[in-house]
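Please study the sequence and the model before reading each solution.

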Amino acid sequence: MKKYRVGILGATGTVGQRFVQLLQGHPQFEIAALAASERSVGKTYAEACAWKLTGDIPENVSGLEVQPIEPPLDCDIVFSGLPSKVAREAEAAFARAGYPVVTNSSCYRMDEDIPLLIPEINADHLGLIPIQQEKRGFGTGFIVTNPNCAICSFAPPLAALHRKFGVEAVMVTTMQSISGAGYPGVSAMDIADNVLPYIAGEEPKVETEAQKILGSFTGQAVEKADFVVSAQCFRVDVIDGHTVSVRVKLAKPSTLEDVIEAMREFPTLDLYSSPEHFIEVLEEPSRPQPRLDRDRGNGMTVTVGRLFPDNIFDYRFVGLSHNTVRGAAGATILNAELLISKGLI
Ligand code: NAP
């Protein structure tokens, strides 16, 4: 199997470290270059990085020198975990220089010509790539994005419902983990013994991204799905795993059995990082829980529980996904595997 050489932007951060961890032993990718801020440039990865994952920094990266976030980087493909304030310019520079850029940052997600992908749901949105290349003068380079980490906990079950019954309205309350804020993130004084009812910039993302992901690609553009989302976002005292409480109104009548079946039957893909089950529906009354369920499918499964008819909407459920795996680095890697499988890299 051909190995692609990967450069990671934001390699020292929370998402960057997860890239490094998930790429160990990956059959299609090897880490060739690491890049971060001026604070880190010129240091070895081990010197620059406050490693926060279990185990030691992998040997294949600890001695690599951290590079600036600008082309050229000695790699075939760029994975980005940059803050959006710097990502817009840096990622465009790499795309313009001919690199495929697969990113977590929010800055391009809602641009009309940029795919916002969950491969199991909307792989056909990759049809935007030639349109984007032409419009932006990227040549052979391009940008593909993955969604906000909280979206990954409810867009998959919504997609299952939307395909079978049509979704009309969604009310979602997120309970987002500490690692979602990056490192050092929120202060211990703020989060311990507490719930924070505000995450800057989060509610607008959670209210808009699912409609693009569940939208239809016409051949020229993505027509967004026509439903409204009302969101409230909270930071809670959990290290990894975003839990969401969802209420959904459907266009067509459906039984609880049909709803459960639609979610359980939603197909997974045959890519290296695909989980055996894209969506798992649990019937135990006290699940899902982040500590117990975030690592299902190596962090790539989305877990649903507490699925019942609702008194105001049609159904309610609790969704959960691992925010730095399905919601970030794992999502980017899966997107890149999809791009390879489609012959686009
Ligand atoms: P983080 O822990 O703060 O890491 C940020 C990374 O970007 C570090 O490598 C940092 O390098 C680098 N960086 C910061 N400022 C820079 C600058 N001015 N120039 C160049 N590099 C700079 O953040 P994170 O949680 O990994 O998030 C990274 C991105 O992924 C963000 O856009 C975030 O919204 C998105 N995201 C995060 C999650 C999550 O669960 N954490 C989920 C989905 C999406 P230094 O170490 O050198 O400062």
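**Exercise 1.** How many positive and how many negative side chains does the protein have, and how far apart do the centres of the two sets lie?

Solution. This is a predicted model, in which local features need pLDDT of at least 70 and side-chain atom pairs count only at pLDDT 80 or more, while totals for chains, interfaces and linings use all residues. Residues are numbered from 1 along each chain as its sequence is written, and side-chain values use heavy atoms, with hydrogens and water left out. Lys and Arg count as positive, Asp and Glu as negative, and His and the chain ends are not counted. Each charge is placed at NZ of Lys, CZ of Arg, CG of Asp or CD of Glu. The protein has 31 positive and 42 negative side chains, and the two centres lie 1 Å apart.

**Exercise 2.** State what share of the residues is buried (under 20% relative accessible area, 1.4 Å probe, protein chains only).

Solution. Of the 345 residues, 57% are buried.

**Exercise 3.** Describe the domains, whose bounds come from an automatic or database domain assignment.

Solution. Domain 1 comprises 4-148 + 328-341, and domain 2 comprises 151-321. Their centres, taken over C-alpha atoms, are separated by 24 Å. Contact means heavy atoms within 4.5 Å; by this criterion 33 residues of domain 1 touch 37 residues of domain 2.

**Exercise 4.** What share of contacts between residues at least 6 apart in sequence joins residues at least 24 apart?

Solution. The share in the protein is 74%.

Technical notes: Buried < 20%, exposed > 50% of the residue type's maximum accessible area, 1.4 Å probe, protein only.
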